[in-house]
Amino acid sequence: MTAIIRYSFKEFVRKKIFLITILMSVAFLFLYIWGLKEIAENLKQQSGMMTFAMQQVTVFSSLGFYFSHLMVAFLVVFATSGIISSEIENYNVHTIIVRPIARWKYVLARYLGALIFITLYSTAIFFSIYTINKTVGFSIDHPISKIVLGWLLFELIAVVLLTVTTFFSTSFSTLATGILVVLLFGFAMIGGFLEQIGYAIANFSKASTTLQTIGIVSSLILPTDNIYREMANILFKSNLIDFSTIDPFAGISKNSIYMRIYWFFYIFVLIYLTIKKFEKKDLT
């Protein structure tokens, strides 16, 4: 099982999509530093408008996290959409399954190899953005516990996407899996935005309840955007001012304990279903 984990990790690292993602990440971080520095310097020079300047810089800072979580999401989808299906299509799985190894161990080993790969990248991009925000722009001072919690939630987004991708990869082709997961991810993003709009207009429109319901349903189908909003609320809120209320890339809604439990329930159920599905799959 350890050998399969190591093989899977090396496979994902060697993929061209990973090299492209690294190059794009470096370009993004360079442009982000440049833009954030310019905005911070220009706004902080405006006397008597420090609160406004802080708000604008913080909104731009949250934009960094938003786009970085998109990069992680697309790396997960395009690098791992064939995590099971490509092995079946290329007949690589047959050389492993014929050996005395349980199918559930094979699936779990492939999953863990991809998880290590994704975790390393997402950790690097998270702390890069956080460090840039802290040193170049304006950033709220957080205790270590909140920084760690924000990082764990950032990682959880990748874990959920990887789990969903692995689940579909046992049933569909590599291309179909990639398209399906991207569509679900887009659906979750749209639902998340509609939910935030619903909470923002709660006192002005009767449509707010409908919009909130759409957001909740989309979060139940794929909770990635919901997890991101939770992370943004933690990183862009202090006892003095709540920037999430003026930031479209943060979140106005508050998650209940039941939704947080659902995130982990969602992951474990999908892993279980993936294993069961692969055990019954005809590989001939």
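Mentor: A helix here is a DSSP run of H or I with at least four residues, numbered from the N terminus. The model is predicted, so local features need pLDDT of at least 70 and side-chain atom pairs 80 or more, while totals for chains, interfaces and linings use all residues. Residues count from 1 along each chain as its sequence is written, and side-chain values use heavy atoms, without hydrogens and water.

Trainee: Which helix gives the most to the lining of the largest pocket?
Mentor: A pocket is an open set of 1 Å grid points where a 1.4 Å probe fits, with protein on both sides within 12 Å along at least five of seven lines; lining residues have an atom within 4 Å of a point. Helix 10 (224-235) and helix 11 (257-280) each supply at least two lining residues, as does helix 7 (144-169). With four residues, the top contributor is helix 7.

Trainee: How many of the lining residues are charged?
Mentor: Look for Leu149, Leu152, Leu153, Leu156, Glu230, Ile234, Arg260, Trp263 and Phe264, which line the largest pocket. Seven of the lining residues are nonpolar and none is polar. The number that are charged is two.

Trainee: Why is the pair of phenylalanine 18 and phenylalanine 117 called edge-to-face?
Mentor: The structure holds 18 aromatic pairs, with ring centres within 6.5 Å and planes under 30 degrees apart for stacked, over 60 for edge-to-face and tilted for the rest. In this pair the ring centres are 5.0 Å apart, and the pair is edge-to-face because its planes stand at 65°.

Trainee: How many residues apart are phenylalanine 18 and phenylalanine 117?
Mentor: Both phenylalanine 18 and phenylalanine 117 are buried, meaning under 20% relative accessible area. Phenylalanine 18 sits in helix 2 (residues 16-44) and phenylalanine 117 in helix 6 (residues 103-135), so this pair links distant parts of the chain. Their separation is 99 residues.

Trainee: Is serine 86 buried or exposed?
Mentor: You will find serine 86 in helix 4 (residues 85-89). Its relative accessible area is 13%, so serine 86 is buried.

Methods. Buried means under 20% relative accessible area, exposed over 50%, partly exposed in between (1.4 Å probe, protein chains only). Ala, Val, Leu, Ile, Met, Phe, Trp, Tyr, Cys and Pro count as nonpolar, Asp, Glu, Lys and Arg as charged, and the others, Gly among them, as polar. Rings of Phe, Tyr and Trp (its six-membered ring) pair if their centres lie within 6.5 Å; planes under 30 degrees apart count as stacked, over 60 as edge-to-face and the rest as tilted.
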